[in-house]
Amino acid sequence: MKKYNAAIAAISLLLAVAVTAVVVVLCRRAGRGTPDFIFPEPSPALLSTSETIGAHGTAITDKYAESTESTPGETEETPLIITSNNPQFRSKITLEGFDIIIEGVCEDKYVQSACLASDGVKADAEYDGKNYRIILKNRHSENEYDTVYVFNSDHSITDYRVQVTSDGFAPIDTAEVAENNLRLAENPVTLPREGVLRYIIPDGDPVGAREVINQAEEISDKICEGITDDYDKAFAISQWISDNIYYDFDASSDSVTTETLSLSHVLETHRTVCGGYSNLFSALCAVQGIKVCNIRGEALNEVLTYAETDKGELHEWNYAVINGRGVWVDVGWNSYNTYKDGQYKYNGTQMKYFDLTNTVMSYDHRARTCEVRDYYAVLE
C-alpha cells in the first residue's frame with residue numbers, strides 16, 4: 001500500500017522547475033533508466049554532545065523535554081497530541097475548545113502555515129529561532145472528524161486527524177489499536193532461515209545472498225559514515241531509502257512477488273512496494289547492529305483513522321529498538337517517489353513517519369504480525 005498525494009507531487013515538481021539545483025537532480029533521476037543512488041556527504045556535525053538527544057540538538061528539545069505522549073484517558077487539563085519523538089521533526093498540538101495551537105520544529109523544511117480541512121482558512125506560522133507556532137482560531141466544524149493540514153516550504157503537506165465534539169476538538173481515541181500495535185511489536189517471532197534467504201534473494205541461494213548482503217553492507221556503511229549514534233544512523237538510513245527508492249505502481253497493480261520484495265531486486269532496480277521498503281530498512285539497520293522488526297498489517301489512505309473505519313489495506317512497516325526505546329518507522333510513506341508505466345519520477349520525501357508516537361502511528365497503522373529477520377544468521 002502506498003500513501004501518496006498527487007497534489008503534493010505536482011506542486012513539488014513545479015517548485016523543482018524553479019530551482020536549478022533540484023532540476024539537475026530531477027534530470028538525473030527521472031526517466032526510464034534506473035536512477036543513480038545518491039549518498040549524503042558525511043557530516044562531522046553529527047557528534048553526540050551533552051546538550052543533544054541522540055546527536056540532534058534543537059530548541060524544542062528544551063521546551064518539550066518530556067517525550068511522553070498524551071492518549072485519551074490520561075489526566076490532562078488541556079487535550080494535546082505529541083506527534084513525534086524525533087527532535088528534528090515534532091509538534092505539540094494543543095486543543096483548547098475550538099482553538100488549535102500547533103508548536104514544533106521541522107529542520108528539513110520551513111513550516112509556513114496550517115488550516116483545517118473544514119474551512120481551508122490558513123494561519124501563518126510565527127517563529128522563535130527554530131521553533132514555530134500556529135494558532136487556528138474558532139474553526140467550528142460541522143463534521144464528526146476534521147483534519148489539521150500543515151503546509152511546508154517544499155509544498156508538501158503534513159496532516160493530523162482530530163475529533164469534533166460539542167465542547168470543541170479532541171484527540172482521537174486510538175487506545176485499542178495502539179495497545180495492539182505495541183504488544184505485537186514487543187513480542188516478534190523469528191522468521192525461519194529459508195524465509196529470510198528469500199527476502200535477500202528470490203532463489204534462496206546462500207552464495208548469492210552473501211553477495212547481496214555485501215552490497216547492503218557497503219551501502220549502509222556509506223550512509224552512516226561519520227555518524228556515531230544509533231538513532232542518527234537509523235534516521236539517516238530511513239531518509240536515504242525514502243530518497244532513493246521508488247514505489248512500484250506497476251507491480252502493485254499487477255502482482256507483487258517474492259522477487260519484488262527481495263533485497264537483490266530493490267538494490268538492482270531501485271523500486272519496490274511497501275514490503276520491499278520495510279525489508280531494505282531492516283537489512284541496512286542490521287548492518288549497523290540495530291534491531292529492527294518488520295510489521296505486517298493494515299493501513300489507511302488519505303486522512304481516515306481506525307476510529308472511523310476498519311477497512312485498511314495490506315501494508316508493511318518497521319519497529320526499531322534503539323537505546324532501549326521503540327521507534328516506529330514507515331520509510332515507504334516518507335517517500336513520494338514513483339515508478340509507473342515504466343517511468344521513474346522523483347518527487348521528494350517527508351519526515352513524518354520516522355519515530356512517530358505510538359498514538360499517532362495508530363491513527364492509520366494497525367499491526368497483525370511482527371517478525372525478526374536475522375540476515376546474518378542465515379549466511380553462517
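1. Ser264 sits in helix α10, residues 263-269. Helices here are DSSP runs of H or I with at least four residues, strands are runs of E with at least two, and both are numbered from the N terminus. This is a predicted model: local features need pLDDT of at least 70, side-chain atom pairs count only at pLDDT 80 or more, and totals for chains, interfaces and linings use all residues. Residues are numbered from 1 along each chain as its sequence is written, and side-chain values use heavy atoms, with hydrogens and water left out.

2. Is Ser264 buried or exposed? Ser264 is buried, at a relative accessible area of 18%. Buried means under 20% relative accessible area, exposed over 50%, and partly exposed in between, with a 1.4 Å probe and protein chains only. Setting aside neighbours within four places in sequence, Ser264 is in contact with Ile200, Ile201, Pro202 and Val212. Contact means heavy atoms within 4.5 Å.

3. The side chains of Ser264 and Ser262 are joined by a polar contact of 3.3 Å. A polar contact is a pair of N or O atoms within 3.5 Å; within protein, one must be able to donate a hydrogen and the other to accept it, and residues adjacent in sequence count only if both atoms are side-chain atoms. Glu103, in strand β3 (residues 99-106), has a polar contact of 3.3 Å between its side chain and that of Arg133. Glu103 is buried, with a relative accessible area of 9%.

4. Now the helix pair. The axes of α7 (residues 230-244) and α11 (residues 274-287) come within 10 Å and cross at roughly 145°. Axes are lines fitted to C-alpha atoms, for helices over the stretch in contact, and angles run from 0 to 180 degrees between N-to-C directions. From α7, the contact is made by Ala234, Ile237, Ser238, Trp240 and Ile241. From α11, Tyr277, Leu280, Phe281, Leu284 and Cys285 take part. The residues of this contact divide into nine nonpolar, one polar and no charged. Nonpolar covers Ala, Val, Leu, Ile, Met, Phe, Trp, Tyr, Cys and Pro; charged covers Asp, Glu, Lys and Arg; the others, Gly among them, are polar.

5. The 15 residues of α7 should span 21 Å at 1.5 Å a residue, and its end C-alpha atoms are 21 Å apart, which agrees. The expected span is 1.5 Å times one less than the number of residues.

6. Burial and ends of the pair. In α7, 14 of the 15 residues are buried. In α11, 13 of the 14 residues are buried, so this helix is largely enclosed by the rest of the structure. At the start of α7, a side-chain oxygen of Asp229 reaches to within 2.9 Å of the backbone nitrogen of Tyr231. After α11 comes Gly289, with a positive phi near 75°.

7. Asn323 lies in the loop between β15 (313-322) and β16 (325-329), and is exposed at 60% relative accessible area. Asp355 is in strand β19 (residues 354-356) and is buried, at 0%.

8. Overall, the protein chain has twelve helices and 20 strands. Buried residues make up 56% of its 380 residues. Of the contacts with a separation of 6 or more, 68% join residues 24 or more positions apart.
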